[in-house]
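User: I am new to this structure and would like a close look at a single part of it. Please take me through that part in one connected answer.

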Amino acid sequence: MLVVAGIGWGIYKQLQGNITQDLTAAEELERYEKERPAPSTHNAQNILLIGSDTRAGKGNDRYGKDSGTDGGRSDTTILLHLAADRKSATAVSLPRDVMVDIPSCRRGNGTRTEEQFAQFNWAFEWGGAACTIRTVEALTDIRIDHHMIVDFRGFKKMVDAVDGVEVCLKDPIDDPDAKLKLPAGRHRLDGEQALGYVRARKTLGDGSDTERMDRQQAFLGALVNKVKSNGVLLNPTRLYPVLDAATSSLTTDPAIAGLTDLYDLVRSMRNIPAEKVQFLTVPRQSYIYDANRDELVQPDAGRLFDRLRNDAPLQVAEEVPATEEASAEEPAEGEEPASERDGAENGDGGYWVDTGYWSDEGYWVDDGYWVDGKSADEDPAERKKNERKKKSSDDGKPDEPTSKSGQTPSPEPTFRGSTAAGATC
């Protein structure tokens, strides 16, 4: 018994020692606590997953020269929303090239950047996880509860720990930059091949970052299926190498830097069915002033953030039905034309909002955020601050998911995306 206990304690200490705490980000976020969205009164969790392209660290230098930044850029950023009942999970890819407002952030050398309108992945380059989190929270008004950063080496080790992940290629791949050459067909990718597959861009499809995000989502869905099908989460013998791989190259906020906390978080997801593990990209389009950059599509992005903020359900499909896409533009029987009602004040003192219901309580502002009141004269930023104060003064009891206007959300909207159930060959 003593020997077994000693081995168990040794394993625990090894895994615990693998995890790196992001204390710098925690300190910076604490400094700006008053500006951040209020914590959810539900038991939902919002976790920001950041894939760093840093060349620092063992084995990462073979992928090119370091950019000279403190921690690289956020090659991949995913907002993972775990529903309060843990019956669904939604992973939203945030394009690295989307143009956003980045706040003043603290650099690694102690100096601060200026507030700037720039592409999203510069936030991580300038100010690490804290700057990225503050940028995402300002963009979505969603509180980020935890964050995890993984580099190239950590990703490879995760894939190898589950003995590879299967993908099906419609076309052959020959991408020297991604160090990947594969014929068309079914393949079980090891860690090195998998990294090349999710990083490849120029030689696949139309070469866009949008298609690359689609491949990343499909691969993550296949990885989820592999973990669930092998019973990893229920088998300590199989779970140990996965946890060892995950923790050895993982940087997290202090709240989940403990092995027990991280293990509990992962285990809470074990009963989510594959068809309820959803992947999508925030609605985006080419930036009007630069075709090589992106901008959010409104009000679609605002609707998505609203559903996540309120832990309200949504659906994904490879193709969104045309009738649903047109619903915001086509008035229902008896309604006025959209050109006469969208966002406009009516003689009764109310407003038609973009989601198609009538409200006399508020209006949408340009960033897709819903604010209460009938006047657009007040500064939206000030309204956001007041809304957060109001939320923080609640009695702490879980609320029923509602829209920002206080009404019950509309029927589940559908966004273009996929599920883990559809990620198999």
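In which kind of crossing, left-handed or right-handed, does H4 pass H5?

Analyst: The model is predicted, so local features need pLDDT of at least 70 and side-chain atom pairs count only at pLDDT 80 or more, whereas totals for chains, interfaces and linings use all residues. Residues are numbered from 1 along each chain as its sequence is written, and side-chain values use heavy atoms, with hydrogens and water left out.

H4 passes H5 in a right-handed crossing; a crossing is called right-handed if the near helix is turned clockwise from the far one by less than a right angle, and left-handed if anticlockwise. Helices here are DSSP runs of H or I with at least four residues, strands are runs of E with at least two, and both are numbered from the N terminus.

Two packed helices are described by the angle between their axes and the distance between the axes. For helix H4 (residues 152–161) and helix H5 (residues 191–199), the angle is about 120 degrees and the axes lie 8 Å apart. The axes are lines fitted to C-alpha atoms, for helices over the stretch in contact, and the angles run from 0 to 180 degrees between N-to-C directions. H4 and H5 are therefore oblique to each other, a word for angles left over once those under 35 degrees count as roughly parallel, over 145 as roughly antiparallel and 65 to 115 as roughly perpendicular.

On the H4 side, the contact (heavy atoms within 4.5 Å) is made by Phe152, Phe155, Lys156, Val159 and Asp160, while H5 contributes Gly191, Glu192, Ala194, Leu195, Val198 and Arg199. By class, the contact of H4 with H5 has six nonpolar, one polar and four charged residues, where Ala, Val, Leu, Ile, Met, Phe, Trp, Tyr, Cys and Pro count as nonpolar, Asp, Glu, Lys and Arg as charged, and the others, Gly among them, as polar.

H5 also packs with helix H6 (residues 209–229), their axes coming within 8 Å and crossing at roughly 145 degrees. In that contact, Ala194, Tyr197, Val198 and Arg199 of H5 meet Arg212, Arg215, Gln216 and Phe219 of H6, and the residues divide into four nonpolar, one polar and three charged.

As for the setting of these helices, the protein chain has 12 helices and 21 strands. Buried residues, meaning those under 20% relative accessible area with a 1.4 Å probe and protein chains only, make up 47% of the 425 residues in the protein chain.

Note on methods
Buried means under 20% relative accessible area, exposed over 50%, partly exposed in between (1.4 Å probe, protein chains only).
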